[in-house]
Amino acid sequence: MRVFITGSAGFIGFHLARLLLQQGHTVHGYDGLTDYYDVRLKQRRHALLREFPAFAATEAMLEDAATLQAAARAAQPDVIVHLAAQAGVRYSLENPRAYIDANLVGTFNLLEVARAIKPRHLLMASTSSVYGANPEMPFGEQQKTDWPLTLYAATKKANEAMGHAYAHIHGVPTTMFRFFTVYGPWGRPDMALFKFTKGILEGTPIDIYNHGDMWRDFTYVDDLVRAIRLLIDVVPPAPEQRTPARGWQPIEGDTLSPAAPWRVVNIGNSDKVRLLDFVEAIEAEVGKPAVRNHLPLQTGDVPATWAECSLLQRLTGYRPQTPFRQGVAAFVRWYRDYHGV
Ligand SMILES: Cc1cn([C@H]2C[C@H](O)[C@@H](COP(=O)(O)OP(=O)(O)O[C@H]3O[C@H](C)C(=O)[C@H](O)[C@H]3O)O2)c(=O)[nH]c1=O
């Protein structure tokens, strides 16, 4: 299978590309290598992927529609996985325009590519942040996502809607994933696990928001990309294909659109972890206590996330389940090795 992955030098894109290459697939990566965080980390990820002969990459921005079209047409993908984005919850308060450019304009450009190429399946990243101020827990895909708390969440919600409209009009089967706080080796330096590990190792204070009284459904990156890999083969059928004669059976809790080959699926660990327990797990792994700087809840942050993942389980027979202490240990091992500390 030939797969076109946007965001291939990013945390999740790198892991997905590596998994697909290890399985013998051909991957064309597309990444703008923006300086949102240390570009060397992105270059190292791409360098590792380049060790596979079946990997090629175009280093350009999503906003560069002509380059994106040319790269995707040349790659002739069976499947497109769109992971490139301006990510991060709190940065969207500082630099909102980056989210409009990458997530709205960039995703529009990508949808135009899909419309032209008509891959077998288009899969695109959304986020648990779309549940925003929804008070119901755990978050199920059918629940309200009408109250985003940041522009980041709003752009991702818009991406879900844009994907739906294109799937309806142009018929490209589209799966949206809602990711829940993904962590693990090669992770993002702006995220809690990276910042906490660095601070504890260096003996500098770590900022703990809401005094640690926050909950996250931390999802280990290997589990996440395994789920994506399985979902690649679960192509949402068009409305006219949903008949018993075609072997289609309704699935409980499915989010299939009545008007398009489109569905949205949560990918989380289905386990909410208290932030202070997460910090303690990092301290235990590093073998040193943190210097804790307790701060109030940050604007735009949701106090808790918790995924309901039975749809993923029904569609793929799989659900993430790495215990957070195990995932934290794998990250700290990688961090020490990567930084030689
Ligand atoms: C960076 C940082 C975070 N935190 C807290 C805030 C959260 O309760 C928790 C995890 O934060 P992190 O930034 O690692 O992840 P989320 O805020 O859940 O956001 C992440 O997961 C979602 C789904 C995405 O879609 C975002 O792109 C992704 O960045 O630690 C702190 O207490 N101190 C810190 O310095």
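**Exercise 1. The ligand shell**

How many nonpolar, polar and charged residues does the shell around the ligand have?

*Solution.* The model is predicted. Sort the shell by class: ten residues are nonpolar, five are polar and four are charged. Next, find the nearest residues. Of the 19 residues around the ligand, Ala-87, Thr-127, Met-191, Ala-192 and Tyr-209 come nearest. Last, look for elements that give two or more residues to this shell: they are helix H7 (192-202) and strand E8 (206-208).

**Exercise 2. The nonpolar core**

Which residues touch the most other members of the largest nonpolar core?

*Solution.* The core has 94 residues. Val-81, Leu-224, Ile-228 and Ile-282 touch the most other members. Now take Ile-228. Leave out residues up to four places away in sequence; Ile-228 then touches Leu-16, Val-81, Leu-123 and Phe-177.

**Exercise 3. Helix H9**

Check the length of helix H9 (residues 275-286), then find what lies on its buried side.

*Solution.* Start with the length. H9 has twelve residues, and at 1.5 Å a residue they should span 16 Å. The end C-alpha atoms are 17 Å apart, which agrees.

Which residues of H9 are buried? They are Leu-275, Phe-278, Val-279, Ala-281, Ile-282 and Val-286. Look down the axis of H9: the buried residues fall within an arc of 160°, so they line one face of the helix.

Then ask what covers these buried residues. The cover includes H7, E8, strand E9 (215-216), strand E12 (273-274) and helix H11 (324-339).

Finish just after H9. There, Gly-287 takes a positive phi of about 85°.

Terms used: Residues are numbered from 1 along each chain as its sequence is written. This is a predicted model: local features need pLDDT of at least 70, side-chain atom pairs count only at pLDDT 80 or more; totals for chains, interfaces and linings use all residues. A residue is near a molecule or strand if its C-beta atom, placed from the backbone, lies within 6 Å of it. Helices (H or I, at least four residues) and strands (E, at least two) are DSSP runs, numbered from the N terminus. Ala, Val, Leu, Ile, Met, Phe, Trp, Tyr, Cys and Pro count as nonpolar, Asp, Glu, Lys and Arg as charged, and the others, Gly among them, as polar. A nonpolar core is a set of buried Ala, Val, Leu, Ile, Met, Phe, Trp, Tyr and Cys residues joined through C-beta atoms within 7 Å. A residue is buried if 20 or more other C-beta atoms lie within 10 Å of its own, exposed if 12 or fewer, and partly exposed in between; C-beta atoms are placed from the backbone. Two residues are in contact if their C-beta atoms, placed from the backbone, lie within 7 Å. The expected span of a helix is 1.5 Å times one less than its number of residues. The arc is that of the directions from the helix axis to the C-beta atoms.
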